[in-house]
Amino acid sequence: MGTDNKSCVGEFILLGLSSDCDTQVFLFLLFLTTYLVTVLGNFLIVLLIRLDSRLHTPMYFFLINLSLVDVSYATSIVPQLLAHLLVEHKVIPYVSCAVQLFFSLSLGGIEFVLLAVMAYDRYVAVCDPLRYSVIMHGGLCTRLAITSWVSGSINSLMHTTITFQLPMCTDKFIDHTSCEILAVVRLASVDTSSNEVAIMVSSIVLLMTSLCLVLLSYIKIISTILKIQSTEGRKKAFQTCASHLTVVVLCYGMAIFTYIQPHSSPSVLQEKLISLFYAISMPMLNPMIYSFRNKEVKGDREKLLGQLSGLTSKLAS
């Protein structure tokens, strides 16, 4: 069936957000700026962690993984989006569409599992601080990170394979900015209700399982924080989780709103905007959230920027 599909449709045409030239130029500049900030911000986080031995802890090990996932996710979507904003016919080959769908789905899944792993790390740090280094040893951290990458990739491979086995001979116009799974499934020339149900069920399993782990971790964390007698102690304990909790709310909120809801909503425009926010804004916001709310990263960032500024001044003089 995969061969028949290729003979029917060799390429797809993405309809994008707008066909107005001025709007596309504005969007190109906006998305390019955001993408550059995303790449620079996340690589700055990785660089700061690698340079500061004080940050060689499980929390920052997982943060490096999160930054790599964010950059990779944005890269799987944004460059192609930018290229299409400069041309009239937004064509994407069949194979390229399948590859983009696989990577965007896998990296999205990896991020959710990784956030659950990071929640467990925060749970151990707050609820069992004396045994933190014993429990969160290097071997366990590596296994948890590998589990995140493998589980997201397997989930994506399953969805991509099923999606591109559907016959797509009657329509090649994807009403989206990228090869998003629901938009591609709707191109099939057969009833896709079972596929959409499968997507929803898989999303529930992946998202809700990881979300339940996050919620359980934070229930334990909050109950432990409330038992702390001093206000300063409670504040310090909460600050260790604030950045992660902010990212969790944004990521899971967007995903649940997109995939786990009645078939009649959201609208196609809402799907496009949510997808763009998740692909462009979230990878940019994550390093900002962690660098501004985390004193160690914030201090290292300011120190590094100060050194770079001083070096630039010396070279200029």
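Phe103 sits in helix H4 of this predicted model. Gly152 is 49 residues away from Phe103 in sequence, yet the C-alpha to C-alpha distance comes out at 9.6 Å. Gly152 belongs to helix H6, and it is one of the residues on that helix that meet H4.

That brings up the packing around H4. Two packed helices are described by the angle between their axes and the distance between the axes. For H4 and H6 (residues 138–163), the axes come within 7 Å and cross at roughly 145 degrees, and the crossing is right-handed. On the H4 side, the residues involved include Ala98, Leu101, Phe102, Leu105, Gly109, Ile110 and Val117. Across from them, H6 brings in, among others, Leu144, Ser148, Trp149, Ser151, Gly152, Ser153, Ser156, Leu157 and His159.

Helix H3 (residues 58–85) packs against H4 as well, with the axes 9 Å apart and an angle of about 160 degrees. H3 is therefore roughly antiparallel to H4, since the cut-off for that label is anything over 145 degrees. Here the crossing is left-handed, whereas H4 and H6 cross in the right-handed sense.

A disulfide is a covalent bond between the sulfur atoms of two cysteines. The count for this model is one, formed by Cys97 and Cys179 with their sulfur atoms 2.0 Å apart. The two partners come from distant parts of the chain, 82 residues apart: Cys97 is in H4 (residues 94–127), and Cys179 is in the loop between strand E3 (173–174) and helix H7 (181–185). The torsion about the S-S bond is about -125 degrees, so this disulfide is left-handed. Both Cys97 and Cys179 are buried.

The other cysteines are worth a quick look. For Cys127, the closest cysteine sulfur is that of Cys241, at 8.4 Å, which is too far for a bond because a disulfide needs the sulfur atoms within 2.5 Å. Cys127 has 27% relative accessibility, so it counts as partly exposed. Cys141, in turn, is buried, its relative accessible area being 5%.

Back in the loop between E3 and H7, Ser178 is found too. Ser178 has a relative accessibility of 2% and is therefore buried, the limit being under 20%. Leaving aside residues up to four places away in sequence, Ser178 touches Leu14, Ile77, Gln80, Gln100 and Ser275.

As for the chain overall, the tally is 11 helices and three strands. Reading along the sequence, they come in the order α-β-α-α-β-α-α-α-β-α-α-α-α-α. The chain has 317 residues, of which 47% count as buried. Among contacts between residues at least 6 apart in sequence, 79% join residues at least 24 apart. The chain exposes about 15900 Å², and carbon and sulfur atoms supply 68% of that area.

Definitions and conventions
Residues are numbered from 1 along each chain as its sequence is written. This is a predicted model: local features need pLDDT of at least 70, side-chain atom pairs count only at pLDDT 80 or more; totals for chains, interfaces and linings use all residues. Side-chain values use heavy atoms; hydrogens and water are left out. Helices (H or I, at least four residues) and strands (E, at least two) are DSSP runs, numbered from the N terminus. Buried means under 20% relative accessible area, exposed over 50%, partly exposed in between (1.4 Å probe, protein chains only). Contact means heavy atoms within 4.5 Å. Accessible areas come from the Shrake-Rupley method with a 1.4 Å probe; for residues, only the protein chains shown count as cover. Axes are lines fitted to C-alpha atoms, for helices over the stretch in contact, and angles run from 0 to 180 degrees between N-to-C directions. Angles under 35 degrees count as roughly parallel, over 145 as roughly antiparallel, 65 to 115 as roughly perpendicular and the rest as oblique. A crossing is left-handed if the near helix is turned anticlockwise from the far one by less than a right angle, and right-handed if clockwise.
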